[in-house]
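Please look at the sequence and the structure together before reading on. The report below describes selected residues and their surroundings.

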Amino acid sequence: MIQASFKDFHDYLQKAGLIDEASFIDGTKILANANKYSFVWKKRTIKYSDLNVVKARKLISEMREEVKVDASLDDFQIDELDTTIALLEQRIEELNKQVEETARVSPNPAKQERRHAKKYLRALDHCRQKNIEYKDQVATAGKRNSYSKTDHDATFMRLKEDPMRNGQTKPAYNLQIMTNSQFVLGHDLLQNPTDTRTLIPFLKHLDQNGVLGKEMVADAGYGSERNYRYWVKSQKGKIHSKIFSTSEWIFLI
């Protein structure tokens, strides 16, 4: 309903001759209502995930020396850790029966092996749970580098410094607007922290809603070769070799 109202507003202003074919684009980062210390960094998650795989391999290698479980390490995949855990649980059940049958034996080797088996079961189950957690975090982040645990849609961005001059990253959204003659004709909330990466999805959003003009005006923060090429192609223009040379640009003073 909101996007449809922008389209109706745009058409009304155009019919009344109050706007032209220019699209003025700018944006600002707004702080999300989320805990600023609840960050999840994708690169760090991937690093911890790799360390978790190494830990699981080491545990299985040590376990094979202390517990009679035939767990293969050839082409080990942590997603298949359930199989090793199932074998370990089965071995613990066998050891429970042996302990009952040899209750009067002291020291009881079955009890010692069972103690080791339970230790590795807890450790490997922890690795399995961590693997699930890391996979969920990477999936939630998607193409982003970070997100907030208390607002998964918010990305950590470097905002303008507050009065205390805290330049730290905080959970936020990148709000983009398009105006003409001081009328707001379109907006979108994006998760990319840089304006360079917000331009193309925002242009697609405006074009889909039928409010994008034939001319675009934006500051240098949106400038990149990829964005220039996209705009020229979207306007069915021909890209020539000197299009990105400053000698070909038009400067308004």
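## Basis of the report

The structure is a predicted model.

## A patch of positive charge

On the surface, four residues gather in a patch of positive charge: Lys143, Arg197, Lys204 and Arg226.

Is Arg226 buried or exposed? Its relative accessibility is 57%, and a residue is called exposed when this value is over 50%. Arg226 therefore counts as exposed.

## Asn174 in strand 5

Strand 5 comprises residues 169-180, and Asn174 is part of this strand. The relative accessible area of Asn174 is 0%. Because buried means under 20%, Asn174 is classed as buried.

With which side chains does the side chain of Asn174 make polar contacts? One partner is Gln176, whose side chain is joined to that of Asn174 by a polar contact of 2.8 Å. Another is Asp195, where the side-chain contact with Asn174 is 3.4 Å.

## His10 in helix 1

Helix 1 runs over residues 2-15 and contains His10. The relative accessibility of His10 is 7%, so this residue also falls under the 20% limit for buried residues.

The side chain of His10 takes part in a polar contact as well: the side chain of Asp11 is joined to that of His10 at 3.2 Å.

## Summary

Arg226 is an exposed member of the positive patch, whereas Asn174 is buried and His10 is likewise buried.

Terms used
Residues numbered from 1 in each chain as written. Predicted model: local features only at pLDDT ≥ 70, side-chain atom pairs only at ≥ 80, totals over all residues. Heavy atoms only, no water. Patch = residues over 30% accessible without salt bridge, like charges linked within 9 Å, V, L, I, M, F, W, Y side chains within 5 Å. Areas by Shrake-Rupley, 256 points an atom, 1.4 Å probe, with all protein chains shown as cover. Salt bridge = Lys/Arg side-chain N within 4 Å of Asp/Glu carboxyl O. Lys, Arg positive; Asp, Glu negative; His and termini not counted. Charge placed at Lys NZ, Arg CZ, Asp CG, Glu CD. Buried < 20%, exposed > 50% of the residue type's maximum accessible area, 1.4 Å probe, protein only. Helix = DSSP H or I, 4+ residues; strand = E, 2+ residues; numbered from the N terminus. Polar contact = N/O pair within 3.5 Å; in protein donor to acceptor, adjacent residues only side chain to side chain.
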